[in-house]
Amino acid sequence: MNDAIERPPSPILPRLTDRLRRGRPVRVTLFGSSTTEGIGASSPEHGFAAVFERTLAPFVTGGLTVINRGIGGNGAQEMHDRLPGVLADDADLVMWQTGSNDAWQGVKLETYEDLTRRDLLATRATGSDLALIDPQYCRMLEECAAFPPFVPAVHRIGSDLGIPVFGRYARMKSWCAELGMDRDELSPDGLHMGDRGYLLLGEAVARWLVELTGAPAGAFLPNH
């Protein structure tokens, strides 16, 4: 007879889950390139960061702070150079948007993976939770011969390091099919997302994070 006590599985995002459950303030750093910065939106309130914050805020009873560290055109090297600022944020969660610009820059896939892995491990060592966002589905990246391996590379990094990955590339394809949209309706200039794309993405990523805490929608709302 096995007398061992069964324990619930560890949360995928332990620090975020703990702070949500205890009603503590939550601090999220959004780290990435043009998507994180919000390039292509008609105004800042229609960009990814603002939509993400508005969607997540009702689930955070202790108050939510979102730090936007997105700079358009950044690849792994530029993000590495900016990593000290991210570490100084002492965020409960770092959302790491990656994999789009290195193909344009001619960075070798192995170089991209090695640098990204090392920076993710350095961030995890500070105690922050991590989550990844893979590249976008758009015309200009589809026309870049070096791009295709970068999507699975992000998922490989996530699998190897135990970091959840929001599959934006697949999700954008499914939005096009389900909503009867052309990919250029999500990324009007062929690369950067527009208001409609940012609305779908920001809401989906925020809800995905809540699901990863293991809670049903609304579980952390006041007076639940």
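Colleagues, I begin with the aromatic residues: Tyr 137, Phe 147 and Tyr 169 are joined into a cluster by ring pairs. Rings of Phe, Tyr and Trp (its six-membered ring) are taken to pair if their centres lie within 6.5 Å; planes under 30 degrees apart count as stacked, over 60 as edge-to-face and the rest as tilted.

A word on the basis of these values. This is a predicted model, in which local features need pLDDT of at least 70 and side-chain atom pairs count only at pLDDT 80 or more, while totals for chains, interfaces and linings use all residues. Residues are numbered from 1 along each chain as its sequence is written, and side-chain values use heavy atoms, with hydrogens and water left out.

The structure holds 6 aromatic pairs. One of them is formed by Phe 48 and Phe 52, a tilted pair with 5.8 Å centre to centre and 35° between the planes. Both residues belong to helix H3, and because they are 4 residues apart there, about one helical turn separates Phe 48 from Phe 52. Helices (H or I, at least four residues) and strands (E, at least two) are DSSP runs, numbered from the N terminus. Phe 48 is buried, with a relative accessible area of 1%; buried means under 20% relative accessible area, exposed over 50%, and partly exposed in between (1.4 Å probe, protein chains only).

A further pair is that of Phe 147 and Tyr 169, whose ring centres are 6.2 Å apart with the planes at 50°, so this pair is tilted. It links distant parts of the chain: Phe 147 lies in the loop between helix H8 (139-142) and helix H9 (150-161), and Tyr 169 in helix H10, 22 residues apart. Phe 147 and Tyr 169 are both buried.

Let me return to Phe 52, which sits in helix H3 (residues 48-56). Its relative accessible area is 0%, so Phe 52 is buried. Which residues does Phe 52 touch, not counting those up to four places away in sequence? They are Val 28, Leu 30, Val 66, Gly 202, Val 205, Ala 206 and Leu 209, where contact means heavy atoms within 4.5 Å. For Leu 30, the separation from Phe 52 is 22 residues in sequence and 9.8 Å in space, C-alpha to C-alpha.

I turn to helix packing. Helix H10 (residues 168-179) packs with helix H12 (residues 195-212) at an angle of about 120°, and their axes are 12 Å apart. Axes are lines fitted to C-alpha atoms, for helices over the stretch in contact, and angles run from 0 to 180 degrees between N-to-C directions. From H10, Arg 168, Arg 171, Trp 175 and Leu 179 meet Arg 196, Leu 200, Leu 201 and Ala 204 of H12. The residues of this contact divide into 5 nonpolar, no polar and 3 charged. Here Ala, Val, Leu, Ile, Met, Phe, Trp, Tyr, Cys and Pro count as nonpolar, Asp, Glu, Lys and Arg as charged, and the others, Gly among them, as polar.

Helix H7 (residues 109-124) and H9 have axes that come within 11 Å and cross at roughly 35°. Their contact includes Leu 109, Tyr 112 and Glu 113 of H7, and Phe 150, Ala 153 and Val 154 of H9. By class, the contact of H7 with H9 has 9 nonpolar, 1 polar and 5 charged residues.

Finally, helix H1 (residues 14-21) has Leu 16, Thr 17, Arg 19 and Leu 20 buried. The buried residues of H1 pack against strand S1 (26-32), strand S3 (93-97) and strand S4 (129-133). After H1 comes Gly 23, with a positive phi near 65°.
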